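Hi everyone, thanks for coming.

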Amino acid sequence: AASGSRDAAHRVVPPGAAGAPGEARGGRWPEPQVAPEFLRTVLHAEEVDVRRLGPLASLAEHPSCAALRSGLAPAEQRPVVVRGLADLVFPAGKRWSFDELSRRCDDTLIDGIRVSAEGGTTFDYGDESKQGEVFTDASLPFQSGTPMTFRDFAQCVREAGPRGSNRYLWAPLLRGSEDAASLDLERSSLGERLWHDLQHIRWHRLDSIAKIGGFGELKVAQLFCSGGRAVTASHYDQSQNVFLQLSGAKRFLLLPPLLGARALAPFPVSHPRDRCARLRLGRPDYAAFPCAARAHGAFLEVVLEPGDGLFLPYGWWHHVESLASENVSLNFWYRGGVLDERPPAVLRDCHPLPEAVVLDLVREWEFFLAMQVGYGPRLEEFLEWLHDPRTVLRPDVLPKGQELLWSHAGAALLLHAARLHAAQLLPAEVLLPALDCLEACRFAGPSSTSALPLRAAVSTESTFARALPSACHARAGAFRRGCGSRSRASCNDCGFGCAPRGAWPAGGRGRRASGRMP
């Protein structure tokens, strides 16, 4: 999974062959808006068909749902297409056409209107809470549009016609309570308008999926409406996602957590577009991001049609295209649950770290290096030095005045990785790809508002590394040493947490209910 290998769970179909998802290669839907080398073979996610499942049949027990249960297993989660899931969970949703939503929502102003960059049809997401903290994203002020009624939004989409609209509706309907023990859901103003249908969601079906997958509490149920050609650029979410296609159709191109992080050049964790790819699949810049070649022929392709659903696991990368002229989707974001726990609950069964958790660990490593070395050209130079075996052991190539800092930071990271490997938490086939995620090209370009190391701008600590020693017993030694920071005499058991105890910086772990998605 770490390298994107095509295991038995995925079917490989040459382009143009029969049986491509949604007949995408047969002409029913437009061709993907990505460079052809990324789809030189078509990899299909596993599928489950629940359209003939009886009303009393259990997703947790029915033989036809075995692939779904396997894909939900927290230790090795992978996407699963569930044909008929939307009708099984939310049958009232099949009525949600643009005309019906225009009638039902009437004059309610919707503030979840997204605007595409430069008037095109590709939509980005930025976290305003991070703007200016360390990095500034010039596109962020233009990503949100003026609130409008659903009728006006539908008119914008229809007037744009086949060329595609520069408007996309992302609107929360229901939010989970901050109290983990509470089952109450907060309705948005749009959710109030649609409550007549929403109250009939079959929560027991979703609860069954959440229980099998070890999900946490529901964060938000969100409505997505778009015109044809709309693209949500590649990104991943730190949430478990049950996605329902109510009308129209969408194509998902999916990559596993580590392969995506190695190939798509994510923005830095402190950038407003954290968890988004710098690489554009439609026009890849191989000069800037040669790592993109790792994703050639490695994407899973999924086409969802009305009534279908998709389990999209925590940490999986996804590029999403709207295929019909009018598209309506509803998704349910859940907290990570067992994958959020520190230590991860799956370690109790002696599994290596799940790949999504390894991606969280890579984020910790990056955060540590930013605190020690700082972002900008100095981090690029440091990572080039760290990845080059010809120079990493030669003190004469270290920049003057940085010898001790670079040596300590590099040794601390590699020693931490080695201890995880020795404790069987990071096997070799995962350890090396994890280190590959820290490539210098990821950090070239975005201008930082501060030339100082990250510790000068924010105060944070590593909740991941600090929590593991207390519960991993025999494996605890892999996390006990600190990072060797010059700013403290001893880090005790805090792993990479070298700053005073406190919270992650704003948005650092992405635990915001609104999120971003297709």
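Let's start with strand 14, residues 309-312, which is covered on both faces: Gly309 and Phe311 on one side, and Leu310 and Leu312 on the other, are all buried. Buried here is under 20% relative accessible area, exposed is over 50%, and partly exposed is in between, with a 1.4 Å probe and protein chains only. Strands (E, at least two residues) and helices (H or I, at least four) are DSSP runs, numbered from the N terminus.

Quick housekeeping: this is a predicted model, where local features need pLDDT of at least 70 and side-chain atom pairs count only at pLDDT 80 or more, while totals for chains, interfaces and linings use all residues. Residues are numbered from 1 along each chain as its sequence is written, and side-chain values use heavy atoms, leaving out hydrogens and water.

Now the cores. A nonpolar core is a set of buried Ala, Val, Leu, Ile, Met, Phe, Trp, Tyr and Cys residues joined through side-chain atoms within 4.5 Å. The largest has 71 residues, and those touching the most other members are Leu264, Phe299, Trp365, Leu369, Phe382, Leu383 and Leu426. Which helix gives this core its largest share? That's helix 9, with 12 residues. Take Leu264: beyond its neighbours within four places in sequence, its contacts (heavy atoms within 4.5 Å) include Leu255, Phe299 and Trp317. There's also a second, separate core of 51 residues, with Leu53 and Ile110 among them.

Helix 9, residues 355-372, comes back at the second largest cavity, where it gives the most to the lining, 4 residues. A cavity is a set of points on a 1 Å grid over the protein atoms alone where a 1.4 Å probe fits but cannot get out, and lining residues have an atom within 4 Å of a point. This one holds about 100 Å³, and its 14 lining residues include Leu359 and Arg363, which are among those nearest its centre.

How values were computed. 1 Å grid on protein atoms, 1.4 Å probe; cavity = no way out; pocket = protein on both sides within 12 Å on 5 of 7 lines; lining within 4 Å. Points joined across faces, edges and corners; volume = space filled by probe spheres on them.
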